Amino acid sequence: MKPITPQKKYTNKDFTSNQEVRWCPGCEDYVILSAMQKALPEIGVNKEDIVFVSGIGCSSRFPYYMDTYGVHSIHGRAPGIATGIKLSNPDLSVWITTGDGDAMSIGGNHFIHTLRRNPDLNILLFNNEIYGLTKGQFSPTSKLGLKTKSSPFGNIQDSLSPGELALGAQARFFARVAGNSPKEMMRLFIEAHQFKGTSLIEILQNCVIFNDGCFDHITNRSVKQDRQIYLEHGKPMIFGKERDKGLILKGLKLEVVEIGENGCKEEDLLVHDAKEKDPTLHQMLVRLQNPLATGIIRSVEDETFEDRVTEISRQQRERSKFKNTSDLFYAGETYEVS
Amino acid sequence: MKNQNIKNELKELEEVVIRFVGDSGDGMQLTGSQFSDTSAMIGNDIATFPNYPAEIRAPQGSLYGVSGFQVHIGSIEVSNPGERLDLLVAMNPAGLKTNLDALKPGHALIVDTDAFTKKNLEKARYEKNPLEDGSLDNYRVIKVTMSSLTKEALKEIKGLDNKSIARCKNMFALGMVYWMYSRTTKHTIEFLESKFKNKPEILEANIKILKTGYNYANTLELIPTSYKILPAKMKPGTYRMLMGNTATAWGFLAASEKSGLGLFLGSYPITPASDILHELVKHDQFGVTSFQAEDEIASITAAIGAAFAGKLAITTTSGPGMALKAEALGLAMIIELPLVVVNVQRGGPSTGLPTKTEQSDLLQAMYGRSGESPLIVIAASTPSNSFYYAYMACKLTLEFMTPVILLSDGYIANGSAPWKIKTVDDLPEIKNHLIKEKNDQWHAYQRDEQTLARTWAIPGTPGLEHRVGGLEKDSKSGNVSYNPQNHEFMTKLRAEKINRVQQVIPKLETEFSESGDLLVVGWGGTYGVLQAAVKEMKEVIGCDQIGFVHFNYINPLPINTEEIFKNFKKVIVCELNSGQMVKILKSNFNQIEFLQYNKIQGLPFAKSELVQEFKRILEK
């Protein structure tokens with residue numbers, strides 16, 4: 001056990017490393033970095049106990065800019081590194097920053113297996129629907145038909161939805177947030193930290209250079225409130241500039257209704273239950289395109305991977321007759337040569 | 001049989017080689033390992049060689065489904081599992097067909113005649129029954145209706161189905177062989193009692209058949225001679241039989257205890273390395289965390305994460321898995337973390353020969369990464385010294401803060417030999433570079449002057465927050481650097497760190513002669529047979545101009561390597577590949593002319609082929 005060190009007070013500056021940030025001007029990665037540096041002083045963890053792990057890509061430069069422990073690893077492999085760190089020291093607060101290429105493509109396998117095991121890690125998925133650092137090729141989340149350097153006649157590969165994939169892989173916590181919503185982001189970072197288990201936050205992050213405006217129709221200030229439904233546990237699924245629209249379940253589909261039209265009242269709307277174990281409705285919310293669901297869509301507490309590992313070790317320690325390796329080496333069939 | 005009337009003559013032998021063969025479901029591995037364990041308890045020196053197909057239950061009776069276990073026991077030093085057989089036990093025609101070549105003419109062959117049915121003979125591609133056509137006249141054939149005798153003996157035990165009855169016949173064979181070589185059934189009975197604790201009828205059946213086989217041999221007139229092999233002269237001490245992969249796992253446990261660091265294993269199942277994982281998952285009580293990952297890449301990256309967090313981290317695999325780990329290994333190298341990677345080599349390339357042995361991943365270990373990324377490479381050379389080299393791999397990685405590749409192979413990993421038990425008190429100290437407090441100019445790439453190891457600051461330590469990563473780092477601050485001079489400096493520095501290891505590894509020692517006409521050179525798992533071949537050259541053939549040297553430390557090479565080579569007129573490098581070590585040696589010592597002897601059949605060297613080659617060279 002590590003000695004208990006007194007809880008320190010921090011400001012965002014304490015989490016700012018001395019490295020010059022090298023993202024393109026106007027990149028929403030800056031928003032995420034700043035939201036994180038403001039969120040961490042709120043979570044009540046000493047900074048020596050925080051680790052950022054990343055793979056490769058624009059999002060993966062993130063650890064260099066945080067004055068905590070950090071590993072900038074190889075493409076798609078951050079979940080493996082982070083799992084090794086968490087199993088080795090469950091007291092640490094471990095964060096992964098990744099992108100749609102890193103997590104959905106080259107690291108897809110690690111992504112799904114990490115979610116199913118449920119170690120207490122926080123994964124921030126910077127989804128900009130493009131490969132940025134390699135200068136503009138289509139990614140697994142790029143829209144069909146998107147013209148990029150590697151798809152001059154339009155992308156012919158269907159895109160993957162990170163949320164659907166995650167829920168299919170038994171994700172216990174999934175949230176979504178627009179890259180231009182720093183306040184929501186900060187709140188979600190704190191929630192993700194507090195959640196015991198793997199939490200995944202998909203951030204719709206605009207790449208100003210290679211895929212500029214790809215989320216405009218959802219995130220632009222003028223349409224935001226009509227195109228996004230910000231979900232909160234226990235609250236009715238209501239949205240719109242005038243707070244006059246909501247979601248109901250009709251048959252096996254979610255439907256948008258206007259309050260006051262056709263006799264529809266606020267009480268008729270669905271109430272968001274992020275803690276429901278059955279992921280059916282969460283899947284429907286994840287798939288919904290108009291409005292796009294943001295906020296915490298799913299948050300279901302479960303045993304963590306490291307808890308299970310620790311429990312097995314405890315049981316084995318109790319059961320074992322071996323105090324040290326010498327006991328093991330001399331146990332069983334030995335014989336003397338004189 | 002001329003000697004049929006002389007019953008129960010007891011002959012003393014110095015050594016004997018026995019092979020048990022049958023279907024992959026016949027229990028030949030268990031039979032062979034029981035025979036070797038019992039012999040170990042008597043004090044014989046032993047080497048074993050299991051040889052089994054890649055299929056778990058290959059079609060019954062097929063030639064490719066034959067599973068075999070060879071054991072070599074002696075009252076003299078036994079360094080390898082032997083070559084020509086003194087006794088072959090064949091449970092079916094396919095086993096006979098694929099193994100008869102190895103049996104010495106005039107020697108004993110035990111067969112289960114019940115298995116020589118028309119169907120099985122066809123499956124083994126025999127046109128005529130070899131038991132009847134005179135083709136075995138050169139051998140002493142001991143025909144036993146083993147299946148029916150087993151069935152008959154078990155008819156009174158209730159609750160046994162036909163399958164369980166058939167499965168007992170390996171105990172019949174084992175019982176017979178115990179009698180022939182004057183061993184008791186005691187050890188195996190104890191083993192069965194513990195294995196079938198909860199299955200009383202299976203236990204009763206197995207013990208009954210073991211004893212039936214033993215008594216059958218005792219009264220059978222077809223076995224005129226039984227043999228005795230006296231205990232071998234070994235260093236005094238407490239011994240146990242140990243399989244190579246278990247020895248490797250135990251070496252890691254010992255290193256963990258000695259260093260005081262928890263062991264972390266990241267692994268993905270692969271033949272023939274999985275037994276290391278199977279062993280380590282049992283030992284959480286020693287602070288081991290074992291993690292079976294989704295793939296080879298996740299297994300090594302998890303180990304790297306554990307190393308970053310302050311664990312003694314290892315990952316285990318075989319050749320194809322090594323290829324998948326290569327990128328991550330480059331990362332571990334550039335971020336300078338301690339990590340041991342075990343490659344239990346098998347026949348390659350690609351899937352190759354998963355259950356067969358080869359030494360063909362040496363150059364992969366040396367160079368199989370992007371960029372310039374030298375690592376420490378060491379190789380175990382016997383089942384039992386796998387313990388020591390696993391331990392040393394941990395010591396070197398912790399003391400030099402750079403990954404170590406430990407090479408083993410299918411042959412020593414699955415082979416067993418007596419191991420003189422060591423405890424952590426008998427093993428060298430292990431230092432590490434953990435740092436608890438910040439000094440004024442501290443940065444993560446600050447180095448120990450002697451070893452050039454960087455400091456190891458782990459998460460949870462206040463004030464030492466830092467970032468490592470695959471991008472090149474500035475030598476003076478540890479921050480990302482694209483400076484050309486710095487990159488060249490760091491590249492050379494990482495190479496120099498490996499060179500410094502030369503100062504702590506032992507000098508190479510020659511066996512038999514320190515100078516002469518021919519130096520035999522080997523590395524890794526071929527030690528036993530090479531040593532035996534040179535010994536035969538010296539002691540049987542009378543050649544006193546032959547020496548032998550074997551490498552366990554390959555990168556860097558021991559400091560006196562060239563000096564040793566220079567003392568011989570000719571140097572021959574013997575490897576189970578087409579010449580990988582010889583390439584390394586040639587590139588290091590271009591003044592020396594190297595001969596080479598290679599075999600790439602998925603099989604170990606045979607002593608006879610080596611002796612023949614050495615004679616040929618010396619006669620030239």
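Trainee: How do you know whether the radius of gyration of chain B agrees with that of a compact globule?
Mentor: First, keep in mind that this is a predicted model. For 620 residues, the rule for a compact globule gives a radius of gyration near 25 Å, and chain B has 27 Å, which agrees. Its C-alpha trace spans about 90 × 65 × 45 Å along the principal axes.

Trainee: What makes up chain B in terms of helices and strands?
Mentor: Chain B has 20 helices and 22 strands. Of its 620 residues, 52% count as buried, where buried takes 20 or more other C-beta atoms within 10 Å of the residue's own. Among the contacts in chain B with a separation of 6 or more, 76% join residues 24 or more positions apart.

Trainee: Into which domains is chain B divided?
Mentor: The assignment gives domain 1 (2–229), domain 2 (240–426) and domain 3 (516–619) of chain B. The C-alpha centres of domain 1 and domain 2 of chain B are 35 Å apart. Their contact takes 14 residues from domain 1 of chain B and nine residues from domain 2 of chain B.

Trainee: Which elements of domain 1 of chain B each supply at least two residues of the side that touches domain 2 of chain B?
Mentor: They are α1 (28–42) and β3 (45–51) of chain B. The largest share comes from β3(B), with six residues. By class, that side of domain 1 of chain B has nine nonpolar, three polar and two charged residues.

Trainee: Why is β9(B) called largely enclosed?
Mentor: Five of the seven residues of β9(B) are buried, so the rest of the structure largely encloses this strand.

Trainee: And what makes β9(B) and β16(B) a pair?
Mentor: Two strands pair if there are at least two bridges between them. β9(B) and β16 (residues 416–420) of chain B have five bridges, in the antiparallel sense, and that meets the cut-off of at least two. As one example, Tyr239(B) has Lys420(B) in β16(B) as its bridge partner.

Trainee: Which strand of chain A is joined to β9(B) by bridges?
Mentor: That is β12(A), joined by three bridges to β9 (residues 237–243) of chain B, and the two run antiparallel. Here Glu336(A) has Thr238(B) as its bridge partner in β9(B).

Trainee: How do you know that the span of α9(B) agrees with what its residues should give?
Mentor: The 16 residues of α9 (residues 244–259) of chain B should span 22 Å at 1.5 Å a residue, and the end C-alpha atoms are 22 Å apart, so the two agree. This helix is mostly covered, with 15 of its 16 residues buried. After α9(B) comes Gly260(B), whose phi is positive, near 75 degrees.

Trainee: How many residues does each chain bring to the contact between chain A and chain B?
Mentor: Chain A brings 51 residues and chain B brings 55 residues. On the side of chain A that touches chain B, β2 (69–72), α2 (78–88), α4 (108–117), α10 (305–319), α11 (325–330) and β12 (335–337) of chain A each supply at least two residues. The most come from α2(A), with eight residues. Sorted by class, this side of chain A has 18 nonpolar, 23 polar and ten charged residues.

Trainee: What does chain A hold in helices and strands?
Mentor: Chain A has eleven helices and twelve strands. Its C-alpha atoms fill a box of roughly 95 × 45 × 45 Å along the principal axes, and 47% of its 338 residues count as buried. Of the contacts in chain A with a separation of 6 or more, 65% are between residues 24 or more positions apart.

Trainee: What makes β8(A) and β10(A) the edge strands of their sheet?
Mentor: The sheet is open, in the order β8-β9-β10 (chain A), with antiparallel pairing. β8 (238–239) and β10 (253–258) of chain A each pair on one side only, and that makes them the edges. Two bridges join β8(A) to β9 (residues 245–250) of chain A, which meets the cut-off of at least two. Within this pair, Ile238(A) stands opposite Gly246(A) in β9(A).

Methods: Residues are numbered from 1 along each chain as its sequence is written. Chains are lettered from A and ligands numbered from 1 in the order in which they are written. This is a predicted model: local features need pLDDT of at least 70, side-chain atom pairs count only at pLDDT 80 or more; totals for chains, interfaces and linings use all residues. Two residues are in contact if their C-beta atoms, placed from the backbone, lie within 7 Å. Helices (H or I, at least four residues) and strands (E, at least two) are DSSP runs, numbered from the N terminus. Ala, Val, Leu, Ile, Met, Phe, Trp, Tyr, Cys and Pro count as nonpolar, Asp, Glu, Lys and Arg as charged, and the others, Gly among them, as polar. The expected span of a helix is 1.5 Å times one less than its number of residues. A residue is buried if 20 or more other C-beta atoms lie within 10 Å of its own, exposed if 12 or fewer, and partly exposed in between; C-beta atoms are placed from the backbone. The radius of gyration is taken over C-alpha atoms; the globule rule is 2.2 Å times the number of residues to the power 0.38. Domain bounds come from an automatic or database domain assignment.
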